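Let's take a walk through this chain, from its overall layout down to a few contacts between side chains.

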Amino acid sequence: MGCCLIEDGERCVRPAGNASFSKRVQKSISQKKLKLDIDKSVRHLYICDFHKNFIQSVRNKRKRKTSDDGGDSPEHDTDIPEVDLFQLQVNTLRRYKRHYKLQTRPGFNKAQLAETVSRHFRNIPVNEKETLAYFIYMVKSNKSRLDQKSEGGKQLE
């Protein structure tokens, strides 16, 4: 399976990696006026490692250059890692959508569902100290999930 991008009017012939063409990638391409576009005839959204690294390097250069205010603000220094939820199975994406009661139109394809889930996932507030404490607890106690008690005192499965 090849990369889904077209560069200067020519389809990229490199093998696709595990990175996918997302709205964030599309925004980076349009902001920097790169001569890249998605091939609409391809039925997947995977891009090659070359283009992934190229787009990331362009994004990182832009962040360093735009620090007009002294440059020490955290939003310019760190690049939030993107989780590729397109790698998940459709049923997993649907379960996530159902669990968080996300509203979507019926008949969403995998790419649309992954984009909706990704957008929600990126906006979930996380208490980092609490999460790290739970993670360390789980590792030290060799458990695979938290011991959660229901209201009736029975352990949830």
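How many helices and strands does the chain have? There are 6 helices and 5 strands, where helices (H or I, at least four residues) and strands (E, at least two) are DSSP runs numbered from the N terminus. Before going further, keep in mind that this is a predicted model, in which local features need pLDDT of at least 70, side-chain atom pairs count only at pLDDT 80 or more, and totals for chains, interfaces and linings use all residues. Residues are numbered from 1 along each chain as its sequence is written, and side-chain values use heavy atoms, with hydrogens and water left out.

**Overall layout**

Of the 157 residues, 25% count as buried; buried means under 20% relative accessible area, exposed over 50%, and partly exposed in between (1.4 Å probe, protein chains only). If you take the contacts (heavy atoms within 4.5 Å) with a separation of 6 or more, 59% of them join residues 24 or more positions apart.

**The cores**

A nonpolar core here is a set of buried Ala, Val, Leu, Ile, Met, Phe, Trp, Tyr and Cys residues joined through side-chain atoms within 4.5 Å. The largest one has 14 residues, and the members touching the most others are C3, C4, L5, F21, I29, I47 and I55. Helix 1 (23–31), strand 4 (36–38) and strand 5 (46–48) each give this core at least two residues. Apart from it lies another core of 9 residues, including Y46, F86, L113 and A114.

C4 is worth a click: leaving out residues up to four places away in sequence, C4 touches R11, F21, D37, I38, D39, V42, H44, L45, Y46 and I47.

S20 sits in strand 3 (residues 16–20) and counts as buried, at 15% relative accessibility. With residues up to four places away in sequence set aside, S20 touches V25, L45, Y46, I47, D84 and F86. The side chains of S20 and D84 also make a polar contact at 3.0 Å, that is, a pair of N or O atoms within 3.5 Å; within protein, one must be able to donate a hydrogen and the other to accept it, and residues adjacent in sequence count only if both atoms are side-chain atoms.

Over in helix 5 (residues 110–122) you'll find T116, buried at 13% relative accessibility. T116 touches L102, T104 and F108, again not counting residues up to four places away in sequence.

**Rings and charges**

A search of the whole structure turns up 3 aromatic pairs. Rings of Phe, Tyr and Trp (its six-membered ring) pair if their centres lie within 6.5 Å; planes under 30 degrees apart count as stacked, over 60 as edge-to-face and the rest as tilted. Here are two of the pairs.

| Pair | Centre distance | Plane angle | Type |
|---|---|---|---|
| F50 and F54 | 6.5 Å | 5° | stacked |
| Y96 and Y100 | 4.7 Å | 45° | tilted |

F50 and F54 are 4 residues apart in helix 2 (residues 49–65), so about one helical turn separates them. F50 is partly exposed at 42% relative accessible area, and F54 is partly exposed at 32%. In the other pair, Y96 is buried at 18%, while Y100 is partly exposed at 38%.

Which residue lies over the face of F50? That's R14, at 3.9 Å from the ring centre. The charged end of K110 sits over the ring of F86, 4.9 Å from its centre. The rule for such a charge is NZ of Lys or CZ of Arg within 6 Å of the ring centre and within 35 degrees of the ring normal.

**Turns and a helix end**

Most residues other than glycine have a negative phi. D8 has a positive one, near 50°, and lies in the loop between strand 1 (5–7) and strand 2, exposed at 54% relative accessibility. K101 has a phi near 55°, is found in the loop between helix 4 (90–99) and helix 5, and is exposed at 67%.

N127 caps the N-terminal end of helix 6, with a side-chain oxygen 3.3 Å from the backbone nitrogen of K129. After helix 6 comes N142, whose phi is positive, near 55°.
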